[in-house]
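Please read it with the coordinates open.

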Amino acid sequence: MKNNTLGTLIWLRMMRFTHQSNLLSNEFLKQYDLTTAQFDVLLQISIAQPITQSELAKNVTVTEGGISRMLTRLEQDELITRTQQWKTKHISLTEKGKLLLTNAMDAQIQFQSSFFDDVLTRDEQKQLYNLVSRVEKNSQKH
């Protein structure tokens, strides 16, 4: 650990925060009978519906196999529908899925925002957002 650069330490801290945030979000979203991954999938579907399974897999952090199993569960829970158009299945939210996402979204946004609102000023949040955005854009070049 002696040879860690400041960049490595920042990366490790960001990974720990992301992991902790996901753990807390999973616990928080239990009240909606959702996991963080399911919430993300429902959100991505709502943004781009109808969306194909392969397009969806590119936008979420779930593996191809994991997304298939998750979609089966979400379909059984009547939160999504899959319709076949020739060789391609398109995924959309049902009314039940839209309602659940709407209810969970406001609470999840408030919950996640509290991590920053509780410790950073508005200016510090803007600065952090700009810095993380620059790092993210740079990572897309690699």
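How many salt bridges does the count come to by the rule used here? The points below begin with the basis of the values and then turn to that count.

1. Basis. The model is predicted, so local features are taken up at pLDDT of at least 70 and side-chain atom pairs at pLDDT 80 or more, whereas totals for chains, interfaces and linings use all residues. Residues are numbered from 1 along each chain as its sequence is written, and side-chain values use heavy atoms, with hydrogens and water left out.

2. Salt bridges. With a salt bridge taken as a side-chain nitrogen of Lys or Arg within 4 Å of a carboxyl oxygen of Asp or Glu, the count comes to five. One of them pairs lysine 30 with glutamate 27, at 3.2 Å from N to O. Lysine 30 is exposed, at a relative accessible area of 54%, where exposed stands for over 50%, buried for under 20% and partly exposed for values in between (1.4 Å probe, protein chains only).

3. The pairs of arginine 73. The side chain of arginine 73 meets that of aspartate 33 in a salt bridge of 3.6 Å, N to O. Because arginine 73 belongs to helix α4 (residues 64-76) and aspartate 33 to the loop between α1 and α2, this pair ties together parts that are 40 residues apart in sequence. Helices here are DSSP runs of H or I with at least four residues, strands are runs of E with at least two, and both are numbered from the N terminus. Arginine 73 also forms a salt bridge with aspartate 77, where the closest N and O atoms are 3.3 Å apart. Through shared partners, these salt bridges join Asp33, Arg73 and Asp77 into one network.

4. Nonpolar core. A nonpolar core is read here as a set of buried Ala, Val, Leu, Ile, Met, Phe, Trp, Tyr and Cys residues joined through side-chain atoms within 4.5 Å. The largest such core has 25 residues, of which Val41, Leu42, Ile45, Leu56 and Leu71 touch the most other members. Two or more residues each are given to this core by α2, α3 (53-59), α4, β3 (88-93) and α5, and the largest share, five residues, comes from α5. Leucine 71 is in contact (heavy atoms within 4.5 Å) with Val41, Ile45, Gln53, Leu56, Ile80, Arg82 and Ile91, when residues up to four places away in sequence are not counted.

5. Largest pocket. At least two lining residues each come from α1 (6-29), α2 (36-48), α5 (95-117) and α6 (122-139), and α1 gives the most, with twelve. The lining divides into 18 nonpolar, 13 polar and four charged residues, with Ala, Val, Leu, Ile, Met, Phe, Trp, Tyr, Cys and Pro counted as nonpolar, Asp, Glu, Lys and Arg as charged, and the others, Gly among them, as polar.

6. Backbone points to inspect. Most residues other than glycine have a negative phi, and most peptide bonds are trans. A cis peptide bond, with omega about -5°, joins glutamine 49 and proline 50, and proline 50 is in the loop between α2 and β1 (51-52). Glutamate 78, although not a glycine, has a positive phi of about 60°; glutamate 78 lies in the loop between α4 and β2 (80-85) and is exposed at 51%. Tryptophan 86, also not a glycine, has a positive phi of about 55°; tryptophan 86 is in the loop between β2 and β3 and is exposed at 75%.
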